[in-house]
There are 2 protein chains.
Amino acid sequence: MSTLDLGEEAELKLKWLGSYGKDPEGGVSRFLYRKEWTDAQKVLAAYMRQRDFVVKYDEVGNLFGRLEGSRYPEETILTGSHIDTVKNGGIYDGQFGIVAGLLALEHLKKQYGQPLRNIEVVSMAEEEGSRFPYAFWGSKNILGIAKREDVENMVDFEGIPFVEAMSKAGFSFRSADAKIRDDIKAFIEVHVEQGGVLEREGKSVGIVEHIVGQRRFTIELKGEANHAGTTPMSYRHDALYAASRIVCVIIEAATGYGEPLVATVGKINAEPNIVNVVPGKALFTLDIRHTDKKVLEEFTAEISAKMETIAKEVAVELKTSMWMDADPVPMDQKIVQVLERQCEKQNLSYRTMHSGAGHDSQIIASVIPTAMLFVPSHNGISHSPLEYTRPEDLAEGIHALVGALYELAYRS
Amino acid sequence: MSTLDLGEEAELKLKWLGSYGKDPEGGVSRFLYRKEWTDAQKVLAAYMRQRDFVVKYDEVGNLFGRLEGSRYPEETILTGSHIDTVKNGGIYDGQFGIVAGLLALEHLKKQYGQPLRNIEVVSMAEEEGSRFPYAFWGSKNILGIAKREDVENMVDFEGIPFVEAMSKAGFSFRSADAKIRDDIKAFIEVHVEQGGVLEREGKSVGIVEHIVGQRRFTIELKGEANHAGTTPMSYRHDALYAASRIVCVIIEAATGYGEPLVATVGKINAEPNIVNVVPGKALFTLDIRHTDKKVLEEFTAEISAKMETIAKEVAVELKTSMWMDADPVPMDQKIVQVLERQCEKQNLSYRTMHSGAGHDSQIIASVIPTAMLFVPSHNGISHSPLEYTRPEDLAEGIHALVGALYELAYRS
């Protein structure tokens, strides 16, 4: 099958799968354990059965389709991604990892017959945290590290309890004494980049070497709310002015530090937020990411000191709280090398890179040798009905996956 | 009467008048034409009649109490302020100008008998724009410059039309051919400072020389919303970073310019305002005030140029719109001199200053020689139940007013 035909077939399958959960307001809204989600898993299971894959759900609803291995039945090479979406998401995020896996398995079976090791495609239950405030429900259950007590009392935005939603969809908690799978020897997740690096550089495939660590903070500044007309500049303790100075320092320090460091102030609120009152309070968030934990620590220390200096100069109180501290996750170097070799061999247009976004792979990598393949996101857009990847890029991603699965599952 | 007795009497009267419109959530909420407002005007009218003042309402509800002049019945010296409040306002803003006028007239009458010219205290209908989005309704009607068509289709926050509220309170529009009063030869408004200058400098009285001009702007910046993890710093068009740089430049330029220039960014909103998205849009307001129109123009031009430079550097679109442009209003120099003379003569603790806030006086000054007297606002607080002025300061303000009214109304 030509590269373009393969890409077009992938695109058709993405549209077909994306029709389950099509949102009248645009894109796909497919939340964990809702009818759209159950429907999507059901049609995937049916599709897998039609192709003679061995189909199995685990307790919480992760769906696996297996091509059985002839020589090493206790060894499995896993690929796939998550089936859930954000509200009004696109048809590539998550879905493409599943579709790429399905097409790769079909191709391998047709071309090379039965593998030596099992190859499985997984459609993971949940990654986004869109319905319930809990992300990575799918991958954490595969590893047996999801905590029942973390979700037991959760309700969604409509007040429906997690437990009720799960049970209605036909699933239940993983029993505490259930055996954790030890057959999975490698995991490769194919995903859209969700950024613009590949497109800008004209590459079709990104081989991920690290998933960044993230630190998230809320920073509060407390000054004094004052009348905008009757308070001379020198009497003011303007919380928004202090916040603005800090934002500038953070962005400029991050830019000066160089890649792959990114720092983002995404959210800001002033109080009372009225045209003619000097802001007495300002609150903003800070998101810092890097592939090296030491850099995260150093950069945090550097800007913390600068924030304190500014707060002192403007005479406002500073309160910083870190509410997320996720370490960077390196991908498995051996699988990364397999991917590089395959890209070279097949003459694919690729580069190595890091992932600035979080993925199921960062969970799985803690236990199972893991790597990721990216394909370009047009204009860097994701989590939007405007997500798009060219069919020829989809195809190159699948070719890289096929090559790697072959090397991992068909050779002794 | 001693200064302290006078101050305490003023405080008692402020509390008495403030009981009309006492808000269960704190302070006074007395909106134009509501029952609390009608009640307050009625008790003031009754109070004036008890003291043998000639009492008169105009068509729209401004209330006047007159001590008639013996020699120049066609000449009136006016004092007073507004009776309406903001929501949960204090008992000093507006009210004190009326109470000071009443106590001054009583004192003058008792001490010196009938004046040569009429002296009137006015309790003006409306200044704050708290119920309907229209300010200075009282003073604009005294001058005959309020426009019927501006309020005719207005409704309050409960949907009650202006016309219905006015008519229910027993008032109506000023008829177009009604004679505009030409007997008012001078107006002196006593008011709380609403800032902290007098208190910091330990002064009891401020003689206002200028009311500042104000320009208000909305500034919109449009960049590109991007994923906080996958968008390298160098690819970003961060609208909030651009806004932060502009805020710093504005505040620093205003501080550097020196008094009486003030510039305030009171309100800021980012979009989408989410921790992990680079802001694609930012909007903020800018309020600039100065006593000299030329400075307002120069400063606007200076920071406009700087804003454009920053927008270009960050590669975001800049849209600036000015939606308020009120010229500075000088007070009448002759009355200012009368006030200075009286403060000197009575050995009052005073300084000359400008008003950074808007007042009825800025409307009236366009037609009638006008000046203002300020008394301190404790901690600079106004528009709050926490408004407070020490009785001894209230008394000094009244003494200055008494002296000026004597000079203007008792001398040929």
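How do the residues of the lining of the largest cavity divide into nonpolar, polar and charged? In this predicted model, the lining divides into six nonpolar residues, one polar residue and three charged residues.

## The cavity

The structure holds one cavity of 30 Å³ or more, and about 60 Å³ of space lies in the largest cavity. Its lining is made up of F31(B), L32(B), D84(B), E126(B), S130(B), R131(B), F132(B), Y134(B), W137(B) and F162(B).

In soluble globular proteins, nonpolar side chains tend to be buried together. The largest nonpolar core of this model has 84 residues, and the residues with the most contacts inside this core are Y33(A), F96(A), W137(A), F162(A) and L373(A). Helix 12 of chain A, which covers residues 391-409, supplies the largest share of this core, namely ten residues. Apart from this core lies another one, of 83 residues, which has I98(B), M154(B), Y350(B) and A395(B) among its members.

For L373(A), when residues up to four places away in sequence are not counted, the residues touched include I188(A), V190(A), V205(A), I207(A) and L339(A). L373(A) also touches G397(A), A400(A) and L401(A), and the span of helix 12 of chain A is residues 391-409.

## The domains of chain A

Chain A is divided into domain 1, which consists of the two segments 3-212 and 328-409, and domain 2, which consists of residues 213-326. The C-alpha centres of domain 1 and domain 2 of chain A lie 37 Å apart. Between these domains, eight residues of domain 1 of chain A are in contact with ten residues of domain 2 of chain A.

## Two residues of helix 3 in chain A

Helix 3 of chain A spans residues 95-112, and A104(A) is found in this helix. Is A104(A) buried or exposed? A104(A) counts as buried because its relative accessible area is 0%, and the limit for a buried residue is under 20%. Leaving aside neighbours within four places in sequence, A104(A) is in contact with I398(A), L401(A), V402(A) and L405(A). The C-alpha atoms of A104(A) and A400(A) are separated by 9.4 Å, although these two residues are 296 residues apart along the chain.

V99(A) also has its place in helix 3 of chain A, and V99(A) is buried, with a relative accessible area of 1%. Which residues is V99(A) in contact with, leaving aside its neighbours within four places in sequence? They are A10(A), K13(A), L14(A) and L17(A). From C-alpha to C-alpha, V99(A) and E11(A) are 9.1 Å apart in space, while in sequence they are 88 residues apart.

## Residues around helix 2

In chain A, G26(A) is found in the loop between helix 1 (3-18) and helix 2 (35-50). Leaving aside neighbours within four places in sequence, G26(A) is in contact with N88(A) and P385(A). G26(A) and A409(A), which are 383 residues apart in sequence, have C-alpha atoms 40 Å apart in space.

In chain B, T38(B) lies in helix 2, which covers residues 35-50, and T38(B) is buried, with a relative accessible area of 15%. Apart from neighbours within four places in sequence, T38(B) is in contact with Y33(B) and A169(B). The place of Y33(B) is in the loop between helix 1 (3-18) and helix 2 of chain B, and Y33(B) counts as buried, at 5% relative accessibility.

## Backbone geometry

Most residues other than glycine have a negative phi, and most peptide bonds are trans. The table lists backbone angles from both chains.

| Site | Feature | Angle |
|---|---|---|
| E259(A) and P260(A) | cis peptide bond | omega about 5° |
| E259(B) to P260(B) | cis peptide bond | omega near 0° |
| F136(A) | positive phi, residue other than glycine | phi near 65° |
| Y33(B) | positive phi, residue other than glycine | phi near 70° |

Where do these residues lie? P260(A) has its place in the loop between helix 8 (239-257) and strand 9 (262-264) of chain A, and P260(B) lies in the loop between helix 8 (239-257) and strand 9 (262-264) of chain B. F136(A) lies in the loop between strand 4 (117-124) and helix 4 (137-142) of chain A, and at 14% relative accessibility F136(A) counts as buried.

Note on methods. Residues numbered from 1 in each chain as written. Chains lettered and ligands numbered in written order. Predicted model: local features only at pLDDT ≥ 70, side-chain atom pairs only at ≥ 80, totals over all residues. Heavy atoms only, no water. Helix = DSSP H or I, 4+ residues; strand = E, 2+ residues; numbered from the N terminus. Buried < 20%, exposed > 50% of the residue type's maximum accessible area, 1.4 Å probe, protein only. Contact = heavy atoms within 4.5 Å. Core = buried A, V, L, I, M, F, W, Y, C linked by side-chain atoms within 4.5 Å. 1 Å grid on protein atoms, 1.4 Å probe; cavity = no way out; pocket = protein on both sides within 12 Å on 5 of 7 lines; lining within 4 Å. Points joined across faces, edges and corners; volume = space filled by probe spheres on them. Nonpolar A, V, L, I, M, F, W, Y, C, P; charged D, E, K, R; others polar. Domains from an automatic or database assignment.
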